[in-house]
Amino acid sequence: MATPADALNSPDPRRPVDRWLFSYSGDHVNPTNQAIHLVCVPAIVWSVTAALWALPVPSAMFQQGMWMGVAMFAALAWYWRLSRPLALGLLVAFTAMGLLNAWLFGALGAAGLAWLALGVFVVAW
């Protein structure tokens, strides 16, 4: 028969991502907190991608948005190792954010996009 000490010392059979999501959901049970996170987390992620898009790149070798693409690829690779369904969802979100950033960059320029990203980040944080 297993004792409580055995339970503490036995490995958790869940994947790390399952443990993290379980812990996250346990820490965010307040409905107001959930609503804030539903709006603010995507806004913060978008603002970071927009700021990365606005960073200058060597135009002879790369296109604008290259830094955002590198960061998105790294995040997707990490999530792919954790959970393919999460990674595919992230790919959809990143695609939408990339298209929005390209449009905003064309409309506002690099400085305008950077200021907008900073403002969204500050308000959402």
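**Exercise 1.** This is a predicted model, so let's start with packing: find which helices the buried residues of H3 pack against.

*Solution.* Begin with the partners: the buried residues of H3 pack against H4 and H5. Next, pick out who is buried. In H3 that's Cys40, Ile44, Trp46, Ser47, Thr49, Ala50, Trp53 and Ala54. Among the buried residues of H5 are Leu90, Phe94, Met97, Asn101 and Leu104.

**Exercise 2.** Work out how the end-to-end spans of H3 and H5 compare with what 1.5 Å a residue would give.

*Solution.* Take H3 first: with 24 residues, H3 reaches 35 Å from first C-alpha to last, close to the expected 34 Å. Look along H3 anyway, and you'll find a kink of about 30° centred on histidine 37. Then try H5. A straight helix of its 41 residues would reach 60 Å, but the end C-alpha atoms of H5 are only 28 Å apart. Check H5 for a bend: there's a kink of about 115°, centred on glycine 109.

**Exercise 3.** Describe the lining of the largest pocket: which elements supply it, and what classes of residue does it hold?

*Solution.* Start with the volume, about 650 Å³. Of the 18 lining residues, the closest to the centre are Leu21, Val41, Tyr79, Leu86 and Leu90. Helices H2, H3, H4 and H5 each give two or more residues to the lining, and H5 contributes the largest share, six. Finally, sort by class: 15 nonpolar, three polar and no charged residues. One link back to the packing: Leu90, among the closest to the pocket centre, is also one of the buried residues of H5.

Conventions. Residues numbered from 1 in each chain as written. Predicted model: local features only at pLDDT ≥ 70, side-chain atom pairs only at ≥ 80, totals over all residues. Heavy atoms only, no water. 1 Å grid on protein atoms, 1.4 Å probe; cavity = no way out; pocket = protein on both sides within 12 Å on 5 of 7 lines; lining within 4 Å. Points joined across faces, edges and corners; volume = space filled by probe spheres on them. Helix = DSSP H or I, 4+ residues; strand = E, 2+ residues; numbered from the N terminus. Nonpolar A, V, L, I, M, F, W, Y, C, P; charged D, E, K, R; others polar. Expected span 1.5 Å × (residues − 1). Bend = angle between axes of the 7 residues up to and from the residue. Buried < 20%, exposed > 50% of the residue type's maximum accessible area, 1.4 Å probe, protein only. Contact = heavy atoms within 4.5 Å.
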